[in-house]
Every structure is written in structure tokens, then in C-alpha cells.
Amino acid sequence: MDLDLVFLGTSGSVPTGRRAPAATLVRRGGERLLVDCGEGTQRQLLRSGIGLVELPEVFLTHYHADHYLGLPGMMKTFSLRGRTLPLTVYGPPGLSDLFGALARVFGKLTYRLQLVELHPGDVLDRGEYRIEVFRVQHGIGAAGYALVEAERPGRFDLEAATGLGVPKGPLFGALQRGETVLLADGRSVAPGQVLGPSRPGRKLVLTGDTRPSGEVGEVARSADVLVHDGTFLDEERERADETGHTTALAAAELARAAGVRMLVLTHLSNRYFGPEIAREARTVFPETIVPKDFDMVDVPFPERGAPRLVKGGALGREEGLGDHGAAGGDAGPRGSGGDADDPPVGRDPVGASAGG
Ligand SMILES: [Zn+2]
Ligand SMILES: [Zn+2]
């Protein structure tokens with residue numbers, strides 16, 4: 001079962017030339033969960049190899065404009081295309097009020113819109129996985145989301161099964177599903193006799209905007225991937241605290257304490273370009289990445305390896321290298337990955353990153 005994260009928007013508060021505001025797509029098998037929908041998310045999807053697919057679900061972390069402004073426009077486009085698939089939007093309390101105001105923007109829809117307000121501690125059970133809603137600290141009601149897969153059955157021991165006289169065929173499948181089976185000679189074989197210890201599923205944790213929080217640390221314990229607010233450098237830690245955000249250093253300390261496998265920092269202040277955020281965090285937690293828009297993270301089952309950054313992995317063909325020559329040209333955020341990208345032309349020394 002494939003599981004990955006697509007970073008469609010990695011900027012905090014305001015868009016920059018290279019980064020769009022918050023939007024992260026979680027893909028699990030054929031399922032698509034969009035977490036936050038900053039301004040321009042529909043265009044980010046169109047530019048990506050994914051396209052503006054009819055997302056069934058959007059999860060909002062909170063109601064600062066940099067996390068939802070893209071939603072009314074995207075919803076309008078869906079309507080203009082005559083979408084009929086229902087759309088469910090989840091978010092902390094205040095969702096209905098927000099949509100009361102937004103309704104004037106998107107007007108009448110061709111599809112059913114369902115709004116679901118969620119509270120910390122709520123769990124959406126989806127069988128193979130669940131979505132846990134947890135509290136974050138951002139000064140206003142804000143939620144984080146964890147995708148937690150159920151444990152998987154242990155490895156099937158073919159030799160043990162054959163040794164017990166289980167014939168190849170449907171009984172193998174039944175045992176793998178955890179059922180006890182009856183053999184032709186009247187003996188029964190229990191799954192525990194042929195299955196190894198059950199194996200953990202994967203866990204993704206997305207905080208949205210937050211200060212460092214002990215509660216987040218608990219939720220993130222042993223997560224495969226923690227996507228955390230990394231708005232500022234440590235030199236701006238007071239500002240981070242005032243505005244309800246986290247520094248790269250503090251996020252790295254939290255990730256180390258929680259024993260996560262990979263830390264992903266996002267929601268960068270427009271004062272920063274990425275490499276300096278990554279450098280600071282890696283002094284404490286080396287398994288840190290700071291993705292650009294259209295980067296992806298693949299999350300294999302633990303026994304198949306560690307989570308892996310795929311640079312520009314979600315770029316559409318025409319946005320990628322093919323038509324534009326070498327990386328680092330004007331092809332977009334794929335860049336070189338070095339310190340030289342996002343040159344400080346037009347850098348705003350004041351920054352405008354406090355509000356988001
Ligand atoms: Zn924000
Ligand atoms: Zn915010």
C-alpha cells in the first residue's frame with residue numbers, strides 16, 4: 001500500500017515567488033486527503049503531475065487565511081466543471097461560521113458539501129487506518145491530524161503451514177486474515193501457529209501551525225513522519241512564541257524526544273529560503289528535511305526502508321526538466337537544492353510572516 005505526502009504549499013502566512021501557502025496532500029493507495037488549502041492550491045495541483053482531481057476530503061487545521069483561502073476558488077472550479085461527487089470539509093469548531101461567510105464567494109454548488117467540525121480526541125475510523133485529531137497551540141482553536149495505520153498481521157510462515165499439513169489454497173488466505181481453519185482430517189490450525197508477530201502500521205503526523213507542545217510530542221511518538229511548523233530560526237524564538245509558531249531548533253528537539261523517523265519542516269517565514277532552516281534543525285535532529293513546493297516524501301512500511309524525500313517528485317511533465325533544460329533554470333521550485341536557490345532578490349527584510 002503506497003503512502004506519500006505531496007507538499008503543494010510550504011510558505012507561512014504569505015506566498016512567495018517560489019512557495020505557495022499551506023497545502024499538503026496525503027495519498028494512501030487510491031485515497032486523497034488534502035490538509036489545508038492555502039491560496040492558489042488549485043493551481044499548484046494543476047501544475048503538479050496530479051492535476052486538479054476531485055478531492056473528496058479537505059482537512060483544515062485552523063482558520064487563518066493562509067490555510068483556507070484556496071478553498072472557495074477550488075470549490076467554484078469544481079462546480080464550473082459540473083462535479084457531482086460530494087465534498088467533505090473537516091476542521092475545528094468555527095467551520096460552519098467560516099462557510100457561512102465563504103458561501104457568497106463560491107455560490108451555488110453542483111455537488112453536496114458536508115461540513116464536519118472536529119474536536120481534539122476525535123477519531124475517524126477508516127478500517128485500515130484512523131485519523132486522530134489533536135490539539136495544537138496556536139493562540140486560536142487549531143487542530144493537528146495524525147494518520148495512524150492499524151497493525152498488520154505477521155508474516156505468513158509457509159514452512160510452518162506446510163508442516164502442519166495445511167494444503168495450499170484458500171486456507172492459506174483464511175489464516176492470513178486471522179481465521180482459524182479446519183483441516184480435512186479434523187484438526188484445526190490457528191493463525192498464531194503460522195503467523196509471525198503482528199507488524200506495526202505507519203504513522204504520519206501533521207501539526208499545522210503551532211508552538212512547541214508536549215501534547216504534539218506525545219502524538220508524534222515513534223511516528224514515521226512528523227510534518228511540523230518550522231516558521232522561524234532560533235534567532236527569532238521570541239517572535240515564534242508571540243505568533244504561535246516554532247523554530248527549527250525547537251521542532252528538532254521535539255522530534256528527537258519523540259523518536260520520529262523523519263522530521264519535515266514547513267510553513268517557512270518569507271525571511272528564509274529553506275537551507276538555513278534545515279541546517280539549524282539538523283544540528284539536533286539529522287533526519288530533517290525542508291521540502292520545496294512539489295517535493296514528495298514516500299513512506300514505505302518500516303521493514304522496507306526509511307521515509308524518503310523525492311525532490312520535485314510531484315512536478316508535472318511540462319514543469320519538470322523535460323521542456324526547460326537543466327535544473328536551476330526557470331523551471332520552478334525544483335532548483336538545485338543548494339544554498340544558492342531562492343536568491344535573496346526582493347527579499348523583504350521586515351518579513352510579513354507574523355499573522356498566519
Ligand atoms: Zn499559517
Ligand atoms: Zn496560523
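Me: Which hand does the crossing of α2 and α3 have?
Reply: The crossing of α2 and α3 is right-handed, with the caveat that this is a predicted model. The two helices, α2 at residues 70-80 and α3 at residues 95-106, have axes that come within 9 Å and cross at roughly 45 degrees, and that makes α2 oblique to α3.

Me: And which residues meet there?
Reply: From α2 the residues are Pro72, Met75 and Lys76, and in α3 they meet Leu102, Val105 and Phe106. Sorted by class, this contact of α2 with α3 has 5 nonpolar residues, 1 charged residue and no polar ones.

Me: OK, sheets now. What is the strand order in the sheet of 8 strands?
Reply: That sheet is open, its pairing is mixed, and the order is β6-β5-β4-β3-β2-β1-β16-β17. The edges are taken by β6 (113-117) and β17 (308-310), each of which has a single partner strand, so one side of each is left without a neighbour in the sheet. From one strand to the next, the twist averages 20 degrees.

Me: Which strands of that sheet does α3 touch?
Reply: Helix α3 packs on the sheet by touching β5 (87-91) and β6, and the direction of α3 makes about 145 degrees with that of β6.

Me: At the β17 end, how many bridges join β16 to β17, and do they run parallel or antiparallel?
Reply: Strand β16, residues 296-298, is joined to β17 by 3 bridges, and the two strands run antiparallel. Within that pairing, Met296 has Val310 in β17 as its bridge partner.

Me: Switching to the other sheet, what is its order of 7 strands?
Reply: The order is β7-β8-β9-β12-β13-β14-β15, in an open sheet with mixed pairing. At its edges stand β7 (123-125) and β15 (288-289), each pairing on one side only.

Me: At what angle does α9 pack with α10?
Reply: Helix α9 (residues 248-258) and helix α10 (residues 275-282) pack at about 40 degrees, with their axes 8 Å apart, and the two are therefore oblique to each other. The crossing of α9 and α10 is right-handed.

Me: Which residues make that contact?
Reply: On the α9 side the contact is made by Ala248, Leu249, Ala251 and Ala252, and on the α10 side by Ile277, Glu280 and Ala281. In terms of class, the contact of α9 with α10 has 6 nonpolar residues and 1 charged residue, with no polar ones.

Me: Zooming out, how many helices and strands does the protein chain have, and what share of the residues is buried?
Reply: The protein chain has 10 helices and 17 strands, and 42% of its 356 residues count as buried. As for contacts in the protein chain with a separation of 6 or more, 62% are accounted for by residues 24 or more positions apart.

Conventions
Residues are numbered from 1 along each chain as its sequence is written. Chains are lettered from A and ligands numbered from 1 in the order in which they are written. This is a predicted model: local features need pLDDT of at least 70, side-chain atom pairs count only at pLDDT 80 or more; totals for chains, interfaces and linings use all residues. Axes are lines fitted to C-alpha atoms, for helices over the stretch in contact, and angles run from 0 to 180 degrees between N-to-C directions. Helices (H or I, at least four residues) and strands (E, at least two) are DSSP runs, numbered from the N terminus. Angles under 35 degrees count as roughly parallel, over 145 as roughly antiparallel, 65 to 115 as roughly perpendicular and the rest as oblique. A crossing is left-handed if the near helix is turned anticlockwise from the far one by less than a right angle, and right-handed if clockwise. Two residues are in contact if their C-beta atoms, placed from the backbone, lie within 7 Å. Ala, Val, Leu, Ile, Met, Phe, Trp, Tyr, Cys and Pro count as nonpolar, Asp, Glu, Lys and Arg as charged, and the others, Gly among them, as polar. Two strands pair if DSSP finds at least two bridges between them. A residue is buried if 20 or more other C-beta atoms lie within 10 Å of its own, exposed if 12 or fewer, and partly exposed in between; C-beta atoms are placed from the backbone.
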